[in-house]
Amino acid sequence: MIINAHSYYSRRYGTIPVKELVSKAALLGIKTLALTDINNTTGIIDFVKACKQNGIKPIAGIEFRSNGLLRYIGLAVNNEGFRELNEFLSQHNLEEAPLPERPPDFANVFIIWPLNNIPHHRLRDHEHIGIKPGEITKMMTLSSRFARSKLVILHTVTFINRDDFVLHQNLRAIDNNTLITMLTPRDLAGKDELLLSNNEIILPYIDFPEIIENTRRLMDCCSIDYEYGTNKNKQIFAASRYDDKILLEKLAFDGMVYRYGKHDKKALQRVNHELEIIDKLGFSTYFLIAWDIVRYSMSRGFHHVGRGSGANSVVAYCLKITDVDPIELDLYFERFINPMRTTPPDFDIDYSWDERNEVLDYIFKRYGRRYTALMGTIQRFKDRLPLRELGKVYGLSKSEIDELVDFPEEHHNSNGISNQILKIAAQMNEFPNIRSIHAGGVLISEKPITYYTSLDLPPKGFPTTQWDMYVAEDIGFEKMDILSQRGIGHIKECADIIRRNRRQEVDVHDIARFKKDVKLKAQLKRAETIGCFYIESPAMRGLLTKLRCDNYLTLVAASSIVRPGVVRSGMMREYIYRFHNPHDFEYIHPVMEEQLKETYGVMVYQEDVLKVCHHYGGLNLAESDVLRRAMSGKVRGKEEFQRIVERFFQKSKQLGRDEATTKEVWRQVESFAGYAFSKAHSASYAAESYQSLFLKAHYPLEFMVAVINNFGGYYNTWVYFNEAQRCGAKIELPCINQSDYKTTIYGERVFVGFIHIQNLENKTSLKIVEERRINGVFADLEEFIQRVRPTLEQLILLIRAGALRFTGISKSRLLWDAHLFFGKSKETINQTALFISPKRNFNMPHLEHNIIEDAYDEIELIGFPVSIRYFELLKTSFRGEIMAKEMATFKGKTVRMMGELVTRKFTKTKSGQIMNFGTFIDNEGEFFDTTHFPKALDQWPFRGHGIYLILGKVEEEFGFYTLIVEKMAKLPIVPDPRSA
């Protein structure tokens, strides 16, 4: 008798997880149950599955509300009715339109009107009026207007028990962004909205058997069902499944000739093997859609990188979806698809950040907006978020909230409010908070996507599912990941800059040539990788140095070894040791030698987890893959994971494995698998790193400008300008006659772009560039004002940033002239003069000016000094006893060094104490690294950006030098003369 139940997907309102709602209903003997969350259908797929497992007939519905008020409830008669409801809600969401007073004349939906919102029109056949237990007396007044056959029981469910009302109050206060004491009854559900048995529900209606029968008859008419795990994606690309099969074969064999030539038997055998499995599992269409997307993007000249497990496939390589040769790298196809795999695979295809949306637009138009959607995701209340939100609800100050968030264990039993917050936070842990967008997942469905979900329209502008990838996999969708990254952007832009600055063409896709490039190898071995995709971080540069990396395969391994799991388990250091001492270690078991000889017995890639679990632990490939996926956070729930873990130990024992050895193998698997890359993924990243490395080795200035213009690197922008200068560039301040919106290069002169001037408006920057393009360079200040017509504030920013220094007039005089020209008005010059009037000259007093003022202007407006190095602002002339390039000479000695802080990394010792790794740049622009153990860090802490004098001992590990810090102090700089 429940036609109106809320789960916790009625966000910041409902209090019951879907599985709990269903399991509790089953315990009460309920045989039919409707889920009607508020303005969404996020939970329906999970709800139907849970009902099937508990012997309950599910009914899908939506409770439609606007401005917090219940308008009407829709119950789907069947799957078609659920589609109608989803399309109705989706239209409202996508058009950002208010809900209509009267819903459409649905064909397969019942509408339930609440008694306090009875329509003025005559009820249609599919419309009923819901009567709540407390409304029976009021119901009697309706007899003259509506037939009793239109009345049904409306018992709403929001709570399992009465204690849940307090949790509900807190959620409502968070949703309304108000103090809990400020909530009104209108904001809250009724305290009587409890999950009850059918007998308890019908008790108030016992004198109205017709209403009970109406409700039973209505619920008997409704049902919904899905097949879980069967492929829901677009089934046919061409005319039939057979046509898809032969088209994929044709494309794969054509591509094989392109990639391997006509007579490569190994390639032919591998292609045939893969095609057989792909066809058997019904994935031909999936591959063809990926090929179609890549074909379109290549026709537009867009650069892409195919990565992830998809790069394990030779067929994908032949179709140009990926550029990684699986045969060369001995990649494990079963990591991507194996005959026992029950979950669908997915491709990851990266595009430049400024081209991705055009690819998405093509996908939606090519496959239809009714059948295509971006993957949603659910941001949940977890970690510190509940405490922070609840702190606001109870009126705590920011400092009190910070204290509670940082040290929650110290606040247990400290006071009533803290206890209440901690209790409620624990209850709402993992509750849904916000629906958002997956990083890149796209679904292309055989049926309209609204058969499965309503759609949202987030800021991206593309319809998005209301459920996440876990639900997608449950129901049987394969997502295609269309991602964006800045690395591809700077590679593409660098080629464009080289064409403009050097009149040369560079084929950035010629990875085979890059692998043999001598200059690139030398640069990689020196770990000169600042700006290079994925390999520029201090940790990665240190690893490259320790591995003496000068080739592609070592870089592939390094790309995965640097991941947190390998570091944390201690296996990164072990790998480095074994790399340098390949005959001075023992494998912990013969299987590890047999399966992991290439990586010295250390698990480096996700494939290694599959191999170890399969060959050492005796798990089949499907179980091994579930284990890997669970450890990567791609499987919901711990039950299946725990079952396979137990099976790993049981099978190992049955195979006669030593218990201590098995525990150590499992320790390595457990600490590693959640963070590791697949080998194909690492290979794809390494290929992109090679593109960056080649460009930096041969075109360093153009490369650094491209990196600066694409932002998003590991370091702050000033570090990349420093690197450009280190590579030979002359960094110039912005100039109205030379600079563009983004940073630009002429020969070896790099002009800072207008985008870097703080508070300079985009329209001003673009107007300068456009006016200069049409009418030529500016002669002086007055002509610039009359042609561009900036506001006085914008003009002052340009003058202070040095953008009018070409005039040869000091900034002080230019500022004086600017104010005179504007007549001390802050308004824009509104009219363009037909003729430029002669300039009036005034006798000016001598105005003081020095380069320190300029440096402070630049720090304020650009973020770093350009006219001088930051070191020149120091009060001392001392620059350190040694420079970074001299560290090897002073190995084992205690020295004083000076460096500008670039970045630092926080980590913990085994005892849980905080320590840091620092990265600095010395007076010559060279990097050096520091280690700050807890005691030294506590006594000599970091104090923000600046230049530090550091006393420490130079130590070396596998060729990588670092300074073990004993003392450190931030040095004072000369005061800002502008404030004197």
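**Figure 1. Helix H30 and the elements around it.** The buried residues of helix H30 pack against helices H17 (486–502), H29 (679–698) and H31 (717–726), and against strands E17 (744–746) and E18 (749–751). The model is predicted: local features need pLDDT of at least 70 and side-chain atom pairs count only at pLDDT 80 or more, while totals for chains, interfaces and linings use all residues. Residues are numbered from 1 along each chain as its sequence is written, and side-chain values use heavy atoms, with hydrogens and water left out. Helices (H or I, at least four residues) and strands (E, at least two) are DSSP runs numbered from the N terminus. Eleven of the eleven residues of H30 (residues 700–710) are buried, so the helix is largely enclosed by the rest of the structure. Buried means under 20% relative accessible area, exposed means over 50%, and partly exposed lies in between (1.4 Å probe, protein chains only). Among the buried residues are Leu-701, Phe-703, Met-704 and Ile-708. Just after the helix, Phe-711 takes a positive phi of about 50°.

**Figure 2. The crossing of helices H17 and H30.** Two packed helices are described by the angle between their axes and the distance between the axes. For H17 and H30 the angle is about 135° and the axes are 8 Å apart. That makes H17 oblique to H30. Axes are lines fitted to C-alpha atoms, for helices over the stretch in contact, and angles run from 0 to 180 degrees between N-to-C directions. Angles under 35 degrees count as roughly parallel, over 145 as roughly antiparallel, 65 to 115 as roughly perpendicular, and the rest as oblique. The crossing of H17 and H30 is right-handed; a crossing has this hand if the near helix is turned clockwise from the far one by less than a right angle, and is left-handed if anticlockwise. Residues making the contact include Gly-489, His-490, Glu-493 and Ile-497 of H17 and Phe-703, Ala-706, Val-707 and Asn-710 of H30. Contact means heavy atoms within 4.5 Å. The residues of this contact divide into eight nonpolar, five polar and four charged. Here Ala, Val, Leu, Ile, Met, Phe, Trp, Tyr, Cys and Pro count as nonpolar, Asp, Glu, Lys and Arg as charged, and the others, Gly among them, as polar.

**Figure 3. The open sheet of E16, E18 and E17.** Three strands form this open sheet in the order E16-E18-E17, with mixed pairing. Strand E16 (730–732) and E17 are the edge strands, each pairing on one side only. From one strand to the next the twist averages 25°. E17 and E18 pair in the antiparallel sense over three bridges; two strands pair if DSSP finds at least two bridges between them. Tyr-746 stands opposite Arg-749 in E18.

**Figure 4. Strand E23 and its partners E21 and E22.** Strand E21 (residues 927–932) pairs with E23 (residues 960–970) in the parallel sense over two bridges. Thr-931 has Ile-964 in E23 as its bridge partner. Strand E22 (residues 947–957) runs antiparallel to E23, and ten bridges join them. Tyr-948 stands opposite Lys-970 in E23. E22 and E23 form a hairpin with two residues between them, and Phe-958 in the turn has a positive phi of about 50°.

**Figure 5. Helices H5 and H13.** The axes of H5 (residues 164–176) and H13 (residues 385–393) come within 9 Å and cross at roughly 85°. The two helices, H5 and H13, are therefore roughly perpendicular to each other. Asn-170, Ala-173 and Ile-174 in H5 meet Glu-389, Leu-390 and Val-393 in H13. The residues of this contact divide into four nonpolar, one polar and one charged.

**Figure 6. The surroundings of Trp-291.** Trp-291 is found in helix H10 (residues 284–299). At 15% relative accessibility, Trp-291 counts as buried. Leaving aside its neighbours within four places in sequence, Trp-291 is in contact with Phe-237, Leu-251, Leu-319 and Ile-321. The C-alpha atoms of Trp-291 and Leu-248 are separated by 9.4 Å, although the two residues are 43 residues apart along the chain.

Figure 7. Most residues other than glycine have a negative phi. Glu-430, which is not a glycine, has a positive phi of about 75°. Glu-430 is found in the loop between helix H15 (416–427) and strand E12 (431–444), and is partly exposed, with a relative accessible area of 36%. Asn-759, not a glycine, has a positive phi of about 75°. Asn-759 lies in the loop between E18 and helix H32 (762–775), and is exposed at a relative accessible area of 61%.
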